[in-house]
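Please look at the sequence and the structure first.

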Amino acid sequence: MNSQSQRRKNFKIEAFKHKVELDPKYAERTWKVLEHAIHEIYNNNASRLSFEELYRSAYNMVLHKYGDKLYSGLVATMTAHLNKIAKSVESAQGGLFLEKLNHKWADHNKALQMIRDILMYMDRSYVPTSHKTPVHELGLNLWSDHIIHSPNIQARLQDTLLDLVQRERTGDVINRGLMRNITKMLMDLGSSVYQDDFEKPFLDVSACFYSGESQQFIECCDCGSYLKKAERRLNEEMERVSHYLDAKTEVKITSVVEREMIANHMQRLVHMDNSGLVNMLIDDKYDDLSRMYSLFKRVPEGLSTIRDVMTSYLRERGRVLVTDTERLKDPVEFVQCLLNEKDKHDKIISTAFNNDKTFQNALNSSFEYFINLNNRSPEFISLYLDDKLRKGLKGASEEEVEVVLDKVMMLFRYLQEKDVFEKYYKQHLAKRLLSGKTVSDDAERSMIVKLKTECGYQFTSKLEGMFTDMKTSEDTMLDFYAKQSAELGDGPTLAVQILTTGSWPTQPTAACNLPPEILTVCEKFRTYYLGTHSGRRLTWQTNMGTADIKATFGKGHKHELNVSTYQMCVLMLFNSADGLTYREIEQATEVPALDLKRCLQSLACVKGKNVLRKEPMSKDISEEDVFYFNDKFTSKFVKVKIGTVVAQKESEPEKQETRQRVEEDRKPQIEAAIVRIMKSRRVLDHNSIVAEVTKQLQSRFLPNPVVIKKRIESLIEREFLERDKADRKLYRYLA
């Protein structure tokens, strides 16, 4: 056992005693074999070769340190072949030039693959250590140097490619497959070859082409046609890239088309006579507007250009609309026009401008601008609602009612003087509730909920109080008749609505002289009510009531007349007189002159409702007129409603009065805001107070800085605030 291990330890491998020497001509001979093989590969005779033997030969050359000889031989052999190929390509005529180049490129690639397989060992060991270019890359570089950059090929190749693109742009059909192969060859040779030898000149030529074409188009086309052509060209270029150019070229070529066809002509396009942006908006050209939006979106300042033109057009159109004296004659039509304009431009923004928020904001600011140019907008919007809630929404479904109310709310949001709207809305709601002329309580309540959501509880508390009063009045009347029916007998039936003074827009009015029959029932109700509710006071608002009267005309024709309280007072006089002068009626009823004239006008001058006749006959009422009961009155209806001739809009004095009431109501709100601000800030300068008060109150109205100053003075007088002794512009809060 020990002897065996001893023997193992002594075992040695020794080198050969004689030196092994290679044949001195080995490298040359082996290279000749490889060189011949490369020639055969380029001559398409590769099938005769033994690739295994060739690989072994190349392997041995590298192994025996002849890598340099092998590599330099390869470069020389390939260069020689490529020079022959260059001459062959140069000799190709006309359209065969690209085909020959493409064919030779395919052959070169195939040859390169085989050569790389044979020289794989050199690629793996010799090339990295000697910092040489790998075989495949070497083949591409040599092709680039000797073929693509050959003096007789480079310019010709570039011109041919650009000419084919130009021909395709002008409508010719070209061999896209061949183009794709050639541009792919340039890309395979490296991005710098593709860019320098094709892409840069392609972009320069394209810029010249589109600059000329855009100039030509803009001279002869309208805006819509020009945009179609620009869109088509843009799509063509993107399609061209997808078919035979590098994907990275797309952003560059589209940028050229955008600059030359759109950016350079934006102002001229939007302002083009008879076909520019304004004409498209007027004529609802959705497709053209959508095309303009998508094209202009691609260039800097494109969308802001459209937006600016649209805004100035809307403001001017709106200004004309709200100052048109003809339109102002009909408030309902006026508001309907505003809503139609809003619907029209909302549809344009959603359909053509991709519902772009910046365009929606521009539309909103434009509407806010011009709606507030007309200080009667709050009144007119309330009148529009009044019309809809009286009769306009009759038969409409709940969804349709909601749509109309939402549209009106949208206009309401634009109002700066929301408190003025509130004043009018309260007046109109009161008339609807008291006359029972509302389409539905649900619609009325829905509107109040919307106003409450928009402006808060304070805005709608009085409106909700009006509904409460109507319900309470109903219950009170049921109780009154239950307790007093025996005393009342067959006298006139009375329906009283008891209105809480603070909730309803009632104004002190001169009480008219009620007919004795009515006065008796009224006094009984007063006694009942004050007996039930102590500490309350009742004032009859005769200007707000209605009455149903049974009347008998000639030949026994009987009708039931639905009239106002004032009209009832007038008609009841004719029970004891056939004819009365205006002055006699005025003296007997004591109805205010303006109301009396309207009242007599509706009783004597409206065809089909003329239960009185007057002499002399005319549309207007004068103080010398005489009135007679019209025996000959007939109507196909048993019930005849005689409305009072009213001005739908307020008269100038009424308008001034409402404005004055609004201004008075604003004073405590401004003062409350000032006190709130000063209580939290303690010391503040004048300008900061004005800014803070405006910010707090702008949801209801925009306070006038002059009025704010007056309210500050008033608060100083009442010792809520004081001026700082050192700085007169500073105010201090006094606890």
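Q: Where do the buried residues of α25 pack?
A: The buried residues of α25 pack against α24 (516-532), β1 (546-552), β2 (558-564), α26 (582-589), α27 (593-604) and β4, where contact means heavy atoms within 4.5 Å. Helices (H or I, at least four residues) and strands (E, at least two) are DSSP runs, numbered from the N terminus. This is a predicted model, in which local features need pLDDT of at least 70 and side-chain atom pairs count only at pLDDT 80 or more, whereas totals for chains, interfaces and linings use all residues. Residues are numbered from 1 along each chain as its sequence is written, and side-chain values use heavy atoms, with hydrogens and water left out.

Q: Which residues of α25 are buried?
A: Buried means under 20% relative accessible area, exposed over 50%, and partly exposed in between (1.4 Å probe, protein chains only). In α25 the buried residues are Thr565, Tyr566, Gln567, Met568, Cys569, Val570 and Leu571. Because seven of the nine residues of this helix (residues 565-573) are buried, α25 is largely enclosed by the rest of the structure.

Q: How many bridges join β4 to strand β5, and what follows β4?
A: Two strands pair if DSSP finds at least two bridges between them. Four bridges join β4 to β5 (residues 626-629), and the two run antiparallel, with Glu615 standing opposite Val626 in β5. Glu615 is also joined to Pro616 by a cis peptide bond, with omega about -10°, and Pro616 has its place in the loop between β4 and β5.

Q: In what order do the three strands of the open sheet stand?
A: The order is β7-β9-β8, and the pairing is antiparallel. β7 (683-685) and β8 stand at the edges, each with a single partner strand, so one side of each is left without a neighbour in the sheet. The twist averages 30° from one strand to the next; for such angles, axes are lines fitted to C-alpha atoms, for helices over the stretch in contact, and angles run from 0 to 180 degrees between N-to-C directions. Three bridges join β7 to β9 (residues 730-733), and Asp685 stands opposite Leu730 in β9.

Q: Which helices lie across these strands?
A: Helix α29 (residues 686-697) lies across β7 and β9, running at about 95° to β7, while α30 lies across β8 and β9, running at about 100° to β8.

Q: Where is Glu719 found, and is Glu719 buried or exposed?
A: Glu719 is found in the loop between α30 (705-717) and β8 (721-723), and at 61% relative accessibility Glu719 counts as exposed. Its phi is near 60°, a positive value in a residue other than glycine.

Q: What can be said of phi in His131?
A: Phi of His131 is near 55°, which is likewise a positive value in a residue other than glycine. His131 is found in the loop between α6 (120-130) and α7 (135-148), and at 72% relative accessibility His131 counts as exposed.
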